[in-house]
Amino acid sequence: MATSERRTEISTVQASSITALKGAWWKLGMGLLMCFVIYGAFFIAGGAVGFGQGGDKARIIFFHVPSAVLASVCYFVGVYFAAFYLFKKQSPKKAAETDAKSAIAMEQGFLFCTLATITGSIFAGVQWGSFWNWDPREISIVIMLLLYASYLVLRAALAGRPERRAKLAAVFALIALVPAQYLIWAVPRLVVYTAHPKDVLFEQEALTFNYKLVLYSAFLAFTLLYIWMSHLRFRAYKIRAGREGKRG
């Protein structure tokens, strides 16, 4: 009997390993693509007009812009699952998983928002001579960062009450959606003056072929990285939930 159970366990592990290998191709591709982006940022893309040091300072857009866009995308993903949790009738297990997916998206959003803030500050330091200038773009991304932080603090404060935590976090995410996205997309474009570079992504003639090649590759690489990290985070949640279920 023990031998049979042992064989079953070994077969399960082997099947899991095979499944993991089958899904590894896009992760390997993501790694190679990210290496290309890093290489391309320094050796393929040239200097940009209007930036200091022969335009070399513009190279940070390959890391700053994808991070800033994903910071906004993650919020939409978190709100989607938050709304799904609030308005879709589900079993307790499925509802908990939906809440976890919303929380994971918000965690990743906090990470990318932090990266966008740091890279933006580095750019400001080398281009404008000061790491913080109270530019409308800088202020909006920091407020977005504070909204993410508030969400995470709310969840941490209710760690011992999972159902109440899920409901209040979902409500907060929905309420903060409008101001969060308004700060990112509307406010910086309504102000009369900002030192922040204009939205060259929407002006195709403003980007050379080399810049397009590296920048669009960066968007894809960072998006795949976000998907991979979210997948790993959700797997960790399911493992932890399974262990807590067995103890219960």
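Begin by selecting α6, which gives three residues, the largest share, to the lining of the largest cavity. Helices here are DSSP runs of H or I with at least four residues, numbered from the N terminus. This is a predicted model, in which local features need pLDDT of at least 70 and side-chain atom pairs count only at pLDDT 80 or more, while totals for chains, interfaces and linings use all residues. Residues are numbered from 1 along each chain as its sequence is written, and side-chain values use heavy atoms, with hydrogens and water left out.

Next, select the whole lining: Ala-82, Tyr-85, Asp-99, Ser-102, Tyr-151, Arg-155, Ala-166, Ala-169 and Ala-170. A cavity is a set of points on a 1 Å grid over the protein atoms alone where a 1.4 Å probe fits but cannot get out, and lining residues have an atom within 4 Å of a point. The elements that give two or more residues to this lining are α3 (61–87), α4 (92–127), α5 (136–157) and α6 (162–175).

Now show α5 and α6 together, whose axes (lines fitted to C-alpha atoms over the stretch in contact) lie 9 Å apart at an angle of about 165°. That makes α5 roughly antiparallel to α6, a term for angles over 145 degrees.

Methods
On a 1 Å grid over the protein atoms alone, a cavity is a set of points where a 1.4 Å probe fits but cannot get out, and a pocket is an open set with protein on both sides within 12 Å along at least five of seven lines; lining residues have an atom within 4 Å of a point. Axes are lines fitted to C-alpha atoms, for helices over the stretch in contact, and angles run from 0 to 180 degrees between N-to-C directions. Angles under 35 degrees count as roughly parallel, over 145 as roughly antiparallel, 65 to 115 as roughly perpendicular and the rest as oblique.
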